[in-house]
Structures are given as structure tokens and as C-alpha cells.
Amino acid sequence: MRVSRQVWLALVLWLGLGTIALAEAQLERGTLREGWGGGIEVSLTLSGSAPWRARVLADPPRLVVDFRDTTIGTVPFAPRKRVTAVEAGAIRPGWSRVVLTLGGPYTITTAEMRVRDQATVHVALDPAGEEAFRAAALRPEPPEWTLPKDPPPPAAEGTGSLLVMLDPGHGGIDPGAQHDSLTEKDLTLAFAKELQRLLVEDGTFRVALTREDDRFVPLETRLTLAREAGADVFLSLHADAVQEGEATGATLYTLSKQATDRAARIMAAWHDRTDILAGVDLTQNDDTVAGVLMDMARVETAPRTDRLARALEIGIKAWRIDMHRHPRQAADFAVLKAPDMPSALIELGFLSSATDRANLRDAAWRARMAAAIRDGLKAWAAKDAVIRPGLRR
Ligand SMILES: [Zn+2]
């Protein structure tokens, strides 16, 4: 009891002060200590005070520390034994989150902010029984900490009849793959904007993006944004890293319950993971009937999706862009699950490959890739209009 009172007291205090101290704080550093008694101690130092809170979440057990009016550039420390993963970054504009994945059930014993020149949040956790942990994790969100909803999808640009929804992979707290100074979330956003410009110039398409800045957008929200915008086709853009093998070259993924191979299955699982860790609850719970209807719609959409991937492959090869030795793959990607909208995920290249990194840095290569995707989309759209005369005008 003492714990939660302390947390809420701190919250009320800092919400009050936060309205006076308007300057945006920055997370400057952090430390993670694992004590002899099995406990965990975290401290996070900000450039100035900001409203904050700490809580635990379940499935998997996590400590979440949220800050408002605060920017977090990088992960403050590396995981250790009892903390198996650390994520940090923006979750909504002006809202940042640090997520520690815990090796088991823990509860918060201390949570306080000390302010001198800087403001430091200290959180201490001790191992707890499953029941005490669940009770803490299930505590409802106070209204002032309910995350603001994503804004409606940005208006599409262009005059064409077909609406393309481009989905720059990752964003905010979820950086995606990282290598040297390259971060997947930045690359995919920059490329999506370049591609948008090219597609709009062409005149065949209208184009909208699922995110236009560095923000976290849950996978299911990306689909909702596409549906609400009335998108005709959905392209998710990525540049991941792979742990095993020497993957190189562009790859096209489409949805399938049966993954083409182990690597494809790992790729899909990795993309679904951050959604859970970010702590935004979005479990898509279609009941059985809805599930059957969605499967039927997907069966109807599958050949159109197949033609989309094939047209993109032809487009990319026509521009003499190197593709992966298995250029077409399939896996159970959450972001490709729209039942009635042909969807594909393009790995532009792999950040784990030196060749691909050089390509992704090269503006001329990116322009060729954008042109290849444009040509693929145009070829697909022309064919799709003939095969499906009822297609939305
Ligand atoms: Zn990715």
C-alpha cells in the first residue's frame, strides 16, 4: 500500500509542477543494479523534472516507467540477468516510455523522484509471488495516464484513383534494426516519403502514410488507419537485420499461416514482439464467426496479393536491383492481416549486410527502388482493374 501511495503522490506532485516547468526534459542517463537479495534497482536521470510514473505489467512481466513532456533518444542501459530486455523511446508525441522485461514476477517497493540540478527517478523492485504481482499488474490506468489515441490517418496526397497506404516500419519506442548510425525506423520513414513523392508525381495513385514522424504505431492501428482511409493496397516498408546466415538483397513477404522457412517465421515473430513489450494492449480478439469470415475474405484476396508480390518482384528485377536468393517469402505477419486489402511487406535490404547498408545510404539506389515499386504497383493495378471490374473507383 505504501508503495502505490508513494507513486500517486509523486504523480500528483509532478503533474502539478509539470504545468509550470514547460521545457521538454531529456533522459540523460540511467543505471541498472541487481542486488544480492534478488532485487532490481533502476535510476533514470532527466535534464529537468517531468510528470512520471512507474508500474508493472504482465505477460511478460515488465517494469514500465512513463514520462510526459520528455524525450528519450536511446536505451539507457543494457539488459542483465534479471532484466532480459530494455526498450526506450517515444510512445506518443510528448510521451516516452522505458520498458524493462523482467525475468519473473516482481513488485515495486520504492518509486520516487529526487530533484537537484537534474531529476532522478529511482525504482526498486523485489521478487514477488505470482498473486501479488498479478494484482499490481492489473491495477487500472488512472485517466491522466491513458495514452492519447492515434490521430486519424493523414490525408492522402495525389489525384489518382487508387489509394496506396505506405507503412514505414517501426517508430518511436520501437527502433527496429540498428547498425552503426543506421536505424530501421528512420530509414523506412525517409524512404516512404521519397516513394510517396514519386507515386504522387506519377498521377496513378493517391498515397497516405501510417506515420509521418517518429512515433510508435501499434501494428493493428496501422491496419485500422489503412481501412479508415479506404486504402486499396498496403505496403509495409522494412530494412531488418538477421542473426543467422548472410541474408542480402530485397525480399517480398506476404501473409501465410505457414511460414516459408524458419527465418521467415522468426522475422514475423520479431515484428509482433515489440507491440506486446510496448505495453499497449491490442490483442485482436476476433471471435470464431468473425475469424471464419475474415479467413474467407483472405482467401478471396490471396490471389490479388499474390499478383501484387509478383508484379513488385518483376518491377524490382527490371531495375536491376539485387534480390534475396528467395525473393518471395511468406509468414504470419500481423501487419499483413487485413482481410480485404492486398498487402505486402518489403524488406528493402538487410541492415546486417554491408552491401545492403551501402545501398540504403545511396540516394540513387533508393530512387531506383522507389521507381521499381512504382512500376510494380502500376502493373499490378492495371491487371487488377481488368480482373476485378468492381474495383473501387
Ligand atoms: Zn522491420
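Predicted model: local features only at pLDDT ≥ 70, side-chain atom pairs only at ≥ 80, totals over all residues.
Two strands count as paired if DSSP finds at least two bridges between them.

Select residues 25-34 and 40-46, strands β1 and β2. They pair in the antiparallel sense over seven bridges. Within this pair, pick G30; its bridge partner in β2 is L44.

Now widen the selection to the open sheet around them. Five strands make it up, ordered β5-β1-β2-β9-β8, with mixed pairing. At the edges are β5 (70-71) and β8 (106-115), each of which pairs on one side only.

Next, select L312, L348, M369, I373 and L377. These have the most contacts inside the largest nonpolar core, a set of 38 residues. Elements that each supply at least two residues of this core include β10 (162-168), α3 (184-202), α6 (288-318) and α8 (363-387). The largest share, eight residues, comes from α8.

Stay on M369 and show its surroundings. Leaving aside residues up to four places away in sequence, M369 touches F191, A250, I316, I321 and L348.

Finish at helix α7, residues 354-361. Its axis and that of α8 come within 5 Å and cross at roughly 85°. Because angles of 65 to 115 degrees count as roughly perpendicular, α7 is roughly perpendicular to α8. To see the contact, select N359, L360 and R361 of α7 together with A363, W365 and R366 of α8. By class, this contact has three nonpolar, one polar and two charged residues.

Methods
Residues numbered from 1 in each chain as written. Heavy atoms only, no water. Helix = DSSP H or I, 4+ residues; strand = E, 2+ residues; numbered from the N terminus. Core = buried A, V, L, I, M, F, W, Y, C linked by side-chain atoms within 4.5 Å. Buried < 20%, exposed > 50% of the residue type's maximum accessible area, 1.4 Å probe, protein only. Contact = heavy atoms within 4.5 Å. Axes fitted to C-alpha atoms, helices over the stretch in contact; angles between N-to-C directions. Parallel < 35°, antiparallel > 145°, perpendicular 65-115°, else oblique. Nonpolar A, V, L, I, M, F, W, Y, C, P; charged D, E, K, R; others polar.
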